[in-house]
Amino acid sequence: MKRAETVADTAITLLAERGMRGLTHRAVDEAAGLPPGSTSNLARTRAALLELTLSRLTELEMEVMAPAYEPGPLTLDGLPARMAEVLRVQLDDRRRTLARYELALEATRRPELREIYDRAGRRFRDPALAMLAALGSKDPVRHARQLVAFGEGLMFDAIAGAGAVPTLDELTLAMADLLAGMLRDEGPGLREEGAGLRGEGAGG
């Protein structure tokens, strides 16, 4: 593993376990078993360390999301299960999600981090937009925003809120209800096996 990945992965764990105050260059060195000063040499300022951590976190979460957005035949019947599996993986690894909550709050105070956070968010919304457009959504921008917000809400309720962790079946039913409400009578994309992410674009 590259040194940058080791530092960022350790920082993610520290954020989840200790919160923003527990993330320091020295703490990363100690937790990662690196020589003193290693993290500072890689990310000299706290802002640089946060940016490195957020970039790595986005990369890891994109890997998790990839199966839900993979190209190929796409129908309303199969999509809820794919989306539910992604949420289940996220819920199983609370570390990443807790770290992202910490970074999201910090981004409200650091404009430079907010810019990176917003750019990372578009990497999740844009595939959702393309997917919903391919399925025939009449307003894919609005629906993509709602889909991401719905998933985020489910995770927050289970991880940081007062709700219980939903089962995979419960997640699948929740996603099916949401998508059916968005895409009901939206057109042939719901019925055609050939609808896919490489078909009709967001503006088609």
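**View 1. Confidence along the predicted chain.** pLDDT is the predictor's confidence in each residue, on a scale from 0 to 100, and in this predicted model the chain averages 85, with 87% of the residues scoring at least 70. Residues are numbered from 1 along each chain as its sequence is written. Because the model is predicted, local features need pLDDT of at least 70 and side-chain atom pairs count only at pLDDT 80 or more, while totals for chains, interfaces and linings use all residues, and side-chain values use heavy atoms, without hydrogens and water. Over residues 186–204 the pLDDT is below 50. Where pLDDT is low, the predicted coordinates should not be read in detail.

**View 2. The packing of helix 6 against helix 8.** Helices are DSSP runs (H or I, at least four residues), numbered from the N terminus. The axes of helix 6 (residues 94–107) and helix 8 (residues 140–159), which are lines fitted to C-alpha atoms over the stretch in contact, lie 11 Å apart at an angle of about 105°. The two helices are therefore roughly perpendicular (65 to 115 degrees, on a scale from 0 to 180 between N-to-C directions).

**View 3. The largest nonpolar core.** A nonpolar core is a set of buried (under 20% relative accessible area, 1.4 Å probe, protein chains only) Ala, Val, Leu, Ile, Met, Phe, Trp, Tyr and Cys residues joined through side-chain atoms within 4.5 Å. Of the 28 residues in this core, M83, L132, L147 and L179 touch the most other members. Helix 4 (46–69), helix 5 (79–92), helix 7 (111–134), helix 8 and helix 9 (168–183) each give two or more residues to it. Apart from this core lies another, of 23 residues, including V7 and L113.

Notes
Angles under 35 degrees count as roughly parallel, over 145 as roughly antiparallel, 65 to 115 as roughly perpendicular and the rest as oblique. Buried means under 20% relative accessible area, exposed over 50%, partly exposed in between (1.4 Å probe, protein chains only). Contact means heavy atoms within 4.5 Å.
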